[in-house]
Amino acid sequence: MAAVLSLRWAGVTPEQYDAMLTEVRWEAQVPDGLVLHVAWFEAGALHVTDVWNAEADFERFFAERLAPAVQKVGLPGRPEFHFAPAHRRFVPPGAAGAA
């Protein structure tokens with residue numbers, strides 16, 4: 001069952017997020033199981049909503065690629081996050097893209 005990740009990480013800046021993106025390269029080398037990633041900044045925090053085929057897919061990506069990048073870039077603190085099972089997902093025909 002697909003899993004929805006909701007994440008808030010206080011103190012992370014757009015520049016730090018972009019440095020992490022450069023390090024992890026998840027747009028060029030898409031992690032197994034990632035369906036959708038959306039990130040935005042509000043109230044001094046990074047916010048992310050992801051859809052993964054399974055929570056285990058994210059856990060593997062985090063352990064193998066994301067955690068080392070977070071440490072290298074030096075992101076402050078720890079994120080608040082939780083997973084919820086997806087009830088339904090719909091991707092309109094022709095939807096694609098990055099940035």
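**Helix packing, salt bridges and surface**

Helix 1 and helix 2 lie oblique to each other. That is where I'll start. One caveat: this is a predicted model.

How do the two helices meet, in distance and angle? Helix 1 covers residues 14-24, and helix 2 covers residues 55-73. Their axes come within 9 Å. They cross at roughly 130 degrees. An angle over 145 would count as roughly antiparallel, and 65 to 115 as roughly perpendicular, so this pair is classed as oblique. The crossing of helix 1 past helix 2 is right-handed.

Glu-23 pairs with Lys-72, with the closest N and O atoms 3.4 Å apart. Glu-23 sits in helix 1 and Lys-72 in helix 2, 49 residues apart, so distant parts of the chain are linked. Glu-23 is partly exposed at 37% relative accessible area. Lys-72 is exposed, at 61%.

How many salt bridges does the whole structure have? The search finds 3. Next, the strands. Arg-8 and Glu-80 meet through their side chains at 3.6 Å, N to O. Arg-8 belongs to strand 1, residues 3-10, and Glu-80 to strand 4, residues 80-85. The two are 72 residues apart. Arg-8 is partly exposed, with 29% relative accessibility. Glu-80 counts as exposed, at 51%.

Then Asp-57 and Arg-60, at 2.6 Å, N to O. Both are in helix 2, 3 residues apart, about one turn of the helix. Is Asp-57 buried or exposed? Asp-57 is buried, because its relative accessible area is 13% and the cut-off is under 20%. Arg-60 is partly exposed, at 37%.

On to the backbone. Most residues other than glycine have a negative phi. Here are two with positive values. Arg-25 has phi near 60 degrees. Arg-25 lies in the loop between helix 1 and strand 2, and is partly exposed at 40% relative accessibility. Ala-43 has a positive phi of about 55 degrees. Ala-43 is in the loop between strand 2 and strand 3, the latter spanning 45-52. At 70% relative accessibility, Ala-43 counts as exposed.

Last, the surface. Which residues form a nonpolar patch there? They are Val-35, Leu-36, Val-38 and Trp-40. Together they present about 300 Å² of accessible area. Take Leu-36 from that group. Leu-36 lies in strand 2, residues 34-42. Leu-36 is partly exposed, with 41% relative accessibility.

That's the tour.

Technical notes
Residues are numbered from 1 along each chain as its sequence is written. This is a predicted model: local features need pLDDT of at least 70, side-chain atom pairs count only at pLDDT 80 or more; totals for chains, interfaces and linings use all residues. Side-chain values use heavy atoms; hydrogens and water are left out. Patches are made of residues with over 30% relative accessible area and no salt bridge: like charges are joined within 9 Å, nonpolar side chains (Val, Leu, Ile, Met, Phe, Trp, Tyr) within 5 Å. Accessible areas come from the Shrake-Rupley method with a 1.4 Å probe; for residues, only the protein chains shown count as cover. A salt bridge is a side-chain nitrogen of Lys or Arg within 4 Å of a carboxyl oxygen of Asp or Glu. Helices (H or I, at least four residues) and strands (E, at least two) are DSSP runs, numbered from the N terminus. Buried means under 20% relative accessible area, exposed over 50%, partly exposed in between (1.4 Å probe, protein chains only). Axes are lines fitted to C-alpha atoms, for helices over the stretch in contact, and angles run from 0 to 180 degrees between N-to-C directions. Angles under 35 degrees count as roughly parallel, over 145 as roughly antiparallel, 65 to 115 as roughly perpendicular and the rest as oblique. A crossing is left-handed if the near helix is turned anticlockwise from the far one by less than a right angle, and right-handed if clockwise.
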